[in-house]
Amino acid sequence: MRLEQIEDVLVRLHSGQWFGWSDPTNKVYANLIIHGNQEKPTQEFLESELQRQQAEYDSQEYARNRAVEYPSINELVVALWEGVVEERMASVTALEALRQAVKTKYPK
């Protein structure tokens, strides 16, 4: 997923229905309509905000990659149960090794 449109920025700026489009098929700055008492943000502001939001999104790529490859919650529960209740730490140790491998693969 990439942030690419003005609409992506607008949605993240404020909640609610505070903007619309004079031509919904062409969502460009010239067609942006602001509802209520909100001022229309400048095109320069929206472009800089888009760059900021994109940089923030890109900076968290490691976290998104880790989340996909980490052991599942079910695997975690089973390992913790075996470690705490059944006093078999092998499952916990193996699970932690998997987590560390993912962290090494996708460093911060």
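Hi everyone, let's start in the loop between α4 and α5, where Glu87 is found. Before going further, please keep in mind that this is a predicted model. Glu87 has a phi near 55°, which is a positive value in a residue other than glycine. Is Glu87 buried or exposed? Glu87 has a relative accessible area of 68%, and since anything over 50% counts as exposed, Glu87 is exposed.

The loop between α4 and α5 also holds Met89. With a relative accessible area of 46%, Met89 is partly exposed. If you follow Met89 back to Ala79, you cover 10 residues in sequence, and the two C-alpha atoms are 7.9 Å apart in space.

Helix α4 covers residues 73-84 and helix α5 covers residues 90-105; the two pack at an angle of about 145°, and their axes are 7 Å apart. Which residues meet there? From α4 we have Glu75, Leu76, Ala79, Leu80, Glu82 and Gly83, and from α5 they meet Ser91, Val92 and Leu95. By type, the residues of this contact of α4 with α5 are five nonpolar, two polar and two charged.

Now for the aromatic residues. How many aromatic pairs does a search of the whole structure find? The search finds two. One is Trp18 with Phe19, edge-to-face, at 5.4 Å centre to centre and with 75° between the planes. Trp18 and Phe19 are both buried. The other is Phe19 with Trp21: here the ring centres are 6.0 Å apart and the planes stand at 80°, so this pair is edge-to-face. In case you are wondering about the two numbers, a pair of aromatic rings is described by the distance of the centres and the angle of the planes. Put together, Trp18, Phe19 and Trp21 form one aromatic cluster. For the accessibility of its members, Phe19 is buried at a relative accessible area of 9%, and Trp21 is buried at 12%.

Ile34 and Gly20 are 14 residues apart in sequence, while their C-alpha atoms are 6.4 Å apart.

Next stop, helix α2, residues 43-59, where you can look for Glu49. Why does Glu49 count as buried? Its relative accessibility is 11%, and buried means under 20%. The side chain of Glu49 makes a polar contact with the side chain of Arg52, at 2.5 Å. Leaving aside neighbours within four places in sequence, Glu49 is in contact with Val9 and Leu13.

Let me finish with two arginines and two tyrosine rings. The charged end of Arg64 sits over the ring of Tyr57, 3.8 Å from the ring centre. Arg99 lies over the face of Tyr70, and there the distance to the ring centre is 5.0 Å.

Notes
Residues numbered from 1 in each chain as written. Predicted model: local features only at pLDDT ≥ 70, side-chain atom pairs only at ≥ 80, totals over all residues. Heavy atoms only, no water. Helix = DSSP H or I, 4+ residues; strand = E, 2+ residues; numbered from the N terminus. Buried < 20%, exposed > 50% of the residue type's maximum accessible area, 1.4 Å probe, protein only. Polar contact = N/O pair within 3.5 Å; in protein donor to acceptor, adjacent residues only side chain to side chain. Contact = heavy atoms within 4.5 Å. Axes fitted to C-alpha atoms, helices over the stretch in contact; angles between N-to-C directions. Nonpolar A, V, L, I, M, F, W, Y, C, P; charged D, E, K, R; others polar. Phe/Tyr/Trp six-rings, centres within 6.5 Å; stacked < 30°, edge-to-face > 60°. Lys NZ or Arg CZ within 6 Å of the ring centre and 35° of its normal.
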